[in-house]
Amino acid sequence: MKALIAVLPGDGIGPEVVAEGVRVLEAVAVRHGHQFTLQSADFGGVAIDAVADPLPQATLDLCLRSDAILLGAIGGPKWGGSDPLRRPEAGLLRLRRELGVYANLRPVAVHPALRSASPLRPELLVGVDLVFVRELTGGIYFGAKTRDAFSASDLCSYSVAEVERVTRVAARLARARRGKLTSIDKSNVLETSRLWRETVTRLMAAEFADVTLEHALVDSAAMHLIRKPSDYDVIVTENMFGDILTDEASMLAGSLGVSPSASLGDGTRGLFEPIHGSAPDIAGRGIANPIGTILSVALLLRHSLGLETEAQEIEAAVYRAIDKGLRTADIASADVNGGRAASTREAGEVILAELTAGA
Ligand code: IPM
Ligand code: MG
């Protein structure tokens with residue numbers, strides 16, 4: 001198949017991990033006879049440096065023409081200035097909004113070999129296989145902001161339609177998995193959460209009566225996620241709760257470095273990125289974990305290009321590599337390879353070798 005894929009390496013470790021993701025994409029193309037046209041563009045801090053805009057028009061146009069977008073990470077201390085619109089993060093929010101990718105899928109599956117890399121006791125991690133569906137283009141992230149010398153405010157608002165569309169994505173996913181959906185809100189305090197809960201309840205009864213629905217308050221869910229994470233299948237929640245809970249949940253998998261994400265809208269075009277940030281403290285040292293990006297490439301093939309076999313091949317290659325002892329610094333442990341950590345490039349090589357060797 002033919003596809004145009006926009007590649008936005010971004011800042012910090014972004015370019016390092018994206019380089020490995022691109023190698024994997026190219027290997028898949030050769031192996032299966034696909035023609036992927038990869039086109040890179042400036043986005044984030046690098047774009048601020050180049051043209052004083054984190055999301056230049058040319059980059060946005062490229063993304064809108066593409067079948068899928070692979071993103072590294074953006075941001076860093078260099079661009080922490082006082083003008084909020086000139087921050088890299090503002091570019092990311094605008095890109096999500098312009099692409100209409102309202103559903104952010106963040107799967108957390110704990111590979112048995114990585115249980116010991118998690119700060120949680122390994123027995124708590126048995127059977128953990130959950131997916132967050134975070135609402136991504138609404139809520140407090142996008143509400144009106146005010147600021148004067150003495151006070152500030154951020155408006156949080158949701159419409160019924162916004163809640164319904166993201167709930168449908170989550171419920172379809174739950175139906176294809178273990179048939180359980182947990183909706184997380186703060187309906188004992190927030191009006192948006194009361195609307196959220198009522199809307200989810202009504203929609204699920206009308207369209208997904210076969211999927212088990214449960215509601216949870218965000219504070220207690222944050223606790224339960226650590227106490228018994230294997231209870232969850234699919235979790236749907238609003239933008240900011242999802243931001244916070246998915247960083248928490250990533251520690252179940254051992255490291256922020258191994259978690260991928262897919263941001264999807266109504267069509268097939270999606271934005272795919274590891275959930276970690278630009279990690280300025282380790283940027284340029286070639287030690288970042290490329291697995292989050294490589295697993296994001298698998299999600300890209302699955303969700304935007306409909307290439308399920310290719311996606312599974314990548315996932316299998318990553319897990320075989322981990323089983324055989326691949327460990328980057330973030331997941332290194334004394335019991336494997338005497339604690340010796342692979343570089344970003346070495347990790348990419350090992351995964352590519354597994355991919356081309358096949359099962
Ligand atoms: C994420 C990040 C972003 C967010 C930041 C960089 C704007 O934390 O993707 O989770 O808050 O959505
Ligand atoms: Mg976040």
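**View 1. Aspartate 243 and ligand 1 in the predicted model.** An N or O atom in the side chain of aspartate 243 is 2.9 Å from an oxygen atom of ligand 1. On its own, ligand 1 has 320 Å² of accessible area, and the protein covers 76% of this.

**View 2. Arginine side chains at ligand 1.** Arginine 134 places a polar side-chain atom 2.8 Å from an oxygen atom of the ligand. For arginine 106, an N or O atom of the side chain is 2.9 Å from an oxygen atom of ligand 1.

**View 3. The shell of residues around ligand 1.** Glu89, Arg96, Arg106, Arg134, Tyr141 and Asp243 are the residues around the ligand. Sorted by class, this shell has five charged residues and one nonpolar residue, with no polar ones. The largest pocket is the space taken by ligand 1.

**View 4. Ligand 1 between domain 1 and domain 2.** The domain assignment of the protein chain gives domain 1 as 1-109 + 256-359 and domain 2 as 129-251. Ligand 1 lies between the two domains because both give residues to the shell around it.

**View 5. Contacts of domain 1 with domain 2.** In domain 1, 16 residues are in contact with 20 residues of domain 2. The centres of the two domains, taken over C-alpha atoms, are separated by 25 Å.

Notes:
Residues are numbered from 1 along each chain as its sequence is written. Chains are lettered from A and ligands numbered from 1 in the order in which they are written. This is a predicted model: local features need pLDDT of at least 70, side-chain atom pairs count only at pLDDT 80 or more; totals for chains, interfaces and linings use all residues. Side-chain values use heavy atoms; hydrogens and water are left out. A residue is near a molecule or strand if one of its heavy atoms lies within 4 Å of it. A polar contact is a pair of N or O atoms within 3.5 Å; within protein, one must be able to donate a hydrogen and the other to accept it, and residues adjacent in sequence count only if both atoms are side-chain atoms. Accessible areas come from the Shrake-Rupley method with a 1.4 Å probe; for residues, only the protein chains shown count as cover. On a 1 Å grid over the protein atoms alone, a cavity is a set of points where a 1.4 Å probe fits but cannot get out, and a pocket is an open set with protein on both sides within 12 Å along at least five of seven lines; lining residues have an atom within 4 Å of a point. A molecule sits in a cavity or pocket if more than half of its atoms lie within 2 Å of its grid points. Ala, Val, Leu, Ile, Met, Phe, Trp, Tyr, Cys and Pro count as nonpolar, Asp, Glu, Lys and Arg as charged, and the others, Gly among them, as polar. Domain bounds come from an automatic or database domain assignment. Contact means heavy atoms within 4.5 Å.
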